[in-house]
Amino acid sequence: MEVLIISKSFIVRDALKIFFGYKFKEGNIECLRDISEVKPIDLSNTKVIFIDIEKNNIEYAILIKQYYHFIKLIVFDRENNEDIFIKSMNNGIDGYIADIDEKDDLDYVVSMLLKGRKFYDTQSFEALINNQMTNKYNHVNLLTTRENEVLQKVGNGYSNKDIAKDLHITENTVKKHISNILVKLDMRNRKDLIIYTKEKINNNLKFAQ
């Protein structure tokens, strides 16, 4: 099985089966109604899992990603739930989609994921940022503990090699952390992160006075 589609909606299942049938012409595509039905299935040869997610089963999706890290896992969240969005970003889920207007949009997302990149619906990200407290430095709450450690060292001028050595991780892992940080903080490059970190420190000092 190359693709697994999970949705309680037969319309979603049927539409996606047609879509992935074109995308993976020689692949076997399976459909399930509920994510709990995944447990007895062998996923070792699966490339993509598309989950029409609900709030009460995001943890199950995270477990699947942890056990089968090589699978490209796409979460489709029609409710645009903030908790699902944050958990998806923080737990390595490859794609988060809140809306799909055109077939070409989904094709673009799947193609990105198959190339090793991640995709998070930009409108959902913007909505999340707008819902944060007015203090812009609360963006940092989106980061994991490790990402905050990496961000702090980037702000202090550490190179990737120095960060890797100091945190006992590989340089490749450092690069992945920095890439995730840039996405979560909506920044373009390392220079932006350094400026952001310094501004945050100055803001905290002013607040403490």
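Asn80 is partly exposed, with a relative accessible area of 38%, where buried stands for under 20%, exposed for over 50% and partly exposed for what lies in between (1.4 Å probe, protein chains only). This is a predicted model, in which local features need pLDDT of at least 70 and side-chain atom pairs count only at pLDDT 80 or more, while totals for chains, interfaces and linings use all residues. Residues are numbered from 1 along each chain as its sequence is written, and side-chain values use heavy atoms, with hydrogens and water left out.

**Overall make-up**

- The protein has nine helices and six strands, which are DSSP runs numbered from the N terminus (helices H or I, at least four residues; strands E, at least two).
- Of its 209 residues, 42% count as buried.
- Among contacts (heavy atoms within 4.5 Å) with a separation of 6 or more, 63% join residues 24 or more positions apart.

**Two loop residues with positive phi**

- Asn80, found in the loop between β4 and α3, has a phi near 55 degrees, a positive value in a residue other than glycine.
- His168 lies in the loop between α7 (160-167) and α8, and its phi, near 60 degrees, is also positive in a residue other than glycine.
- His168 is exposed, with a relative accessible area of 73%.

**Aromatic pairs**

- A search of the whole structure finds seven aromatic pairs, counted when rings of Phe, Tyr and Trp (its six-membered ring) have centres within 6.5 Å, with planes under 30 degrees apart taken as stacked, over 60 as edge-to-face and the rest as tilted.
- Phe19 and Phe20 form an edge-to-face pair, 5.0 Å centre to centre with 80 degrees between the planes, and both residues are buried.
- The rings of Phe20 and Phe50 have centres 6.5 Å apart and planes at 65 degrees, so this pair is edge-to-face.
- Because Phe20 lies in helix α1 (residues 10-23) and Phe50 in strand β3 (residues 48-52), their pair ties together parts that are 30 residues apart in sequence.
- Ring pairs link Phe19, Phe20, Phe24, Phe50 and Phe76 into a cluster.

**A buried glutamate**

- Glu147 lies in helix α6 (residues 145-155) and is buried, with a relative accessible area of 3%.
- The side chain of Glu147 makes a polar contact with the side chain of Lys184 (2.8 Å), a polar contact being a pair of N or O atoms within 3.5 Å; within protein, one must be able to donate a hydrogen and the other to accept it, and residues adjacent in sequence count only if both atoms are side-chain atoms.
- Leaving aside neighbours within four places in sequence, Glu147 is in contact with Leu142, His177, Asn180, Ile181 and Lys184.
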